[in-house]
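User: Hey, could you walk me through this model? I'd like the plain version, please.

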Amino acid sequence: MSNNVKAKREPLFHIVKREDLKIGYKIMIYAIAIVVSLFLGGIMSSLASKGDPFSFFVSLIDGCFGSSRKLWVFLQQMALILSVSMALVPAFKMKFWNLGGNGQILIGGLAAIACMFYMGGKADDGVIVLVAVIASALAGAIWALIPALCKAFFNTNESLLTLMLNYIASGLVTFFLAVWVKSGSGVLEPIKYGNLPELGNPYILIILFGALITALMFVYLRYSKHGYELSVVGDSPNTARYIGVNVKMVVIRTMILSGAICGLVGLLLTSGMSHTIGVKTAQNMGFTAIMTTWLGNCNPLMIIATSSLVTFVTKGMEQVRMDFGLTNDSIANLIIGLVYFFIIACAFFIQYKVVFNIKLKKAVKATADNTVVASTEETSTEIEENEEEVK
Amino acid sequence: MVQLLQSAIRFSAVFLFGCTGEILTEKSGHLNLGIPGIMCGGTAGGCLGVALYMASLSDPSKPDYFALVMIGILMAFLFASILGGIYALLTVSLKCNQNITGLALTTFGTGFAQFIMDNFVERGNFSVASTYIAQGFPFAQKLGWFGDIFFSHGILVYLAIIIALVVSFFLKRSKIGLGLRAVGENPGAADAVGIKVDKYKYISILVGSGIAGLGGFFYVMDYAQGMYDSYATIEAFGWLAIALVIFTLWRPNLAIIGSIVFGILYVLPYFVGGDSSTRSALIKLIPYVVTVLVLLVISITGSKKAQPPSALGLTYFREER
């Protein structure tokens, strides 16, 4: 026995799951991560353009809040990301990896543009808008229904399936552009008919939509029976079955909701903003929203924070690019990626803690010939370490 | 027809590198959605290596073939592995969510690659370097169409096939490969029989990423003849490579054929004349549609031989059983 203890080398540290951490500490960990990552980003930008890191931060803030127009654009962008995140929240809470936000947005936008293209000039604008709203929500819902049905009945891997559907959606957009644009350039001129109405300025409608969806989703998840059911399905499908929840039904229902919201975002992006469509119309929001939703811990209130952070960095970086004379969005992607990494890593420090075994090692060495003592020592040092951690 | 097959086989190497790398990674139970970013990173690394090497020569029109290829491959592998290392650190050691980390890595990797390409890579000598890297066997022309199809490609195409075969053999026939598959199927059980789960995961992610990175390097230096416009092209290949992993049922030897099929589908629009814009749009859809169908069929039939590794996407924490 004693030989065994000697021969086995103790690792330097081991990892323990943490009990609930105080909210103050959590915020502190996140704040440190964000500041450090942005600081690194500042250094990189200044390396690329020979500017100084301080003006990086000035540009970053200026890009979002520098003028009233920039502020409106910031809020609009944030509302869009927030809406897509809200579409993903119920799916993610159900542990359904909907990576298909991009595709659902695109297909919704495509449906809206199709309505505008075929009905434009022939029907009243109000009618077109109404049909486009229904069509885009329906299209998004169908695009999400496909993986939902496959998951429910055949247990297909939904993350791979939704990922593929993204590209099929963008392929369909290319196809329809080729059909619609006779010149073959693949660029559709903005359509004048059936645009969404502007409320005062072009931004308010989208911002209101974002706020409304967030509020509704918050209530839906927290106070409705549906919201409760889907979180049970996410935590343990067996428990859900035991208490009489129809798991397949919940999966399908939730994904229809998720897809429909994404489809509506597609409507906003096309009929409400660009009045045309291209493969990049979704602006990769499906993926961005995956990040904001996950980093926001699937909690609508926290997602407001994460999506404003991501929007802040994205919009701010556009300004940095202009001010620093950078030619493309490479540095923006680089820095956003960096911010993601740091925030992702935060989850580890919140969920787990590292317990160092240095003390333990000594204890084991000293009592190597007495295993019983060593083992009790081990537990006691661990408790000591735990107490230190808590303090 | 010969031309179609020739460019399809040549092109297939892009997918084959990416796919083999991703298969190796997925066999350890890690769904690495960062492959597109990693392929971009590999491109940047390889191009940086080539650019530095070409700049160091007194006469850049006559580089040494062996040194050029080796530097490119090593640098591509190294850069891609570094990006893979970030992923491994976050998902294996820090137990972060794999999908999220992968997507973040794609964002980061594309930005990183473009950053390197714009600021540090002098692309002046790339067309010269590319003719060297893409040169086929000297006897290819004597063999007519047969030579054109099979022997006219650059060294990297053959490297891709060799790597795929080696990985296939390694996974199926070697003891370490068996261990690796065990880690992907049931890390708890693998740990219990004394396999060092984290070490296996790290190595498979690092090597897999490195292999995938060669795909991007190959595309720019061989297929595109030294032209590089933006990361977006290579990113798209990365997603196709992930699709190909499903299409080939997680088998690197099937991936050789699968990547040629994808290669044919990719180059087909350029060979089909007539009213091409609608038709080429439809042809470009086929790889994804076929992948979806394969995914459906394997999940419906539930065939045990064709399933993803069962611990794919799950984080392994030793103290939680």
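**Chain B, then the rest**

Analyst: Of the 321 residues in chain B, 55% count as buried, where buried takes 20 or more other C-beta atoms within 10 Å of a residue's own, exposed is 12 or fewer, partly exposed is in between, and C-beta atoms are placed from the backbone. This is a predicted model, where local features need pLDDT of at least 70, side-chain atom pairs count only at pLDDT 80 or more, and totals for chains, interfaces and linings use all residues. Residues are numbered from 1 along each chain as its sequence is written, while chains are lettered from A and ligands numbered from 1 in the order in which they are written.

User: How many helices and strands are in chain B?

Analyst: Chain B has 13 helices and zero strands. Helices (H or I, at least four residues) and strands (E, at least two) are DSSP runs, numbered from the N terminus.

User: What share of the contacts in chain B comes from residues 24 or more positions apart?

Analyst: They account for 80% of the contacts with a separation of 6 or more. Two residues are in contact if their C-beta atoms, placed from the backbone, lie within 7 Å.

User: Pick a helix in chain B. What does α4 look like?

Analyst: Helix α4(B) covers residues 98-119, so to speak 22 residues, and reaches 31 Å from its first C-alpha to its last, close to the 32 Å expected at 1.5 Å a residue. The expected span is 1.5 Å times one less than the number of residues. In α4(B), 19 of the 22 residues are buried, so this helix is largely enclosed by the rest of the structure.

User: What about α14(A) itself, how many of its residues are buried?

Analyst: For α14(A) the count is 16 of the 22 residues, so this helix is largely enclosed by the rest of the structure. Its end C-alpha atoms are 32 Å apart, which agrees with the 32 Å that 22 residues should span at 1.5 Å a residue.

User: Which domains is chain A divided into?

Analyst: Chain A has domain 1 (1-51 + 327-391) and domain 2 (66-325), with bounds that come from an automatic or database domain assignment. Ten residues of domain 1 of chain A are in contact with ten residues of domain 2 of chain A. On the domain 1 side, α14(A) gives the largest share, six residues. By class, that side has seven nonpolar, three polar and no charged residues.

User: How many residues are in the largest nonpolar core?

Analyst: The largest nonpolar core has 221 residues, and those with the most contacts inside it include V84(A), M164(A), L16(B) and F218(B). Such a core is a set of buried Ala, Val, Leu, Ile, Met, Phe, Trp, Tyr and Cys residues joined through C-beta atoms within 7 Å. Helix α3(B), residues 65-93, gives the largest share of this core, 15 residues. Domains 1 and 2 of chain A both give residues to this core, so it lies between them.

User: What does L16(B) touch?

Analyst: Leaving aside neighbours within four places in sequence, L16(B) is in contact with A160(B), I161(B), A164(B), A255(B), I256(B) and S259(B).

User: Last one: what's the phi of Q283(A) and of N284(A)?

Analyst: Q283(A) has a positive phi of about 50 degrees although it is not a glycine, and N284(A) has a positive phi of about 60 degrees, again without being a glycine. Most residues other than glycine have a negative phi.

Definitions and conventions:
Ala, Val, Leu, Ile, Met, Phe, Trp, Tyr, Cys and Pro count as nonpolar, Asp, Glu, Lys and Arg as charged, and the others, Gly among them, as polar.
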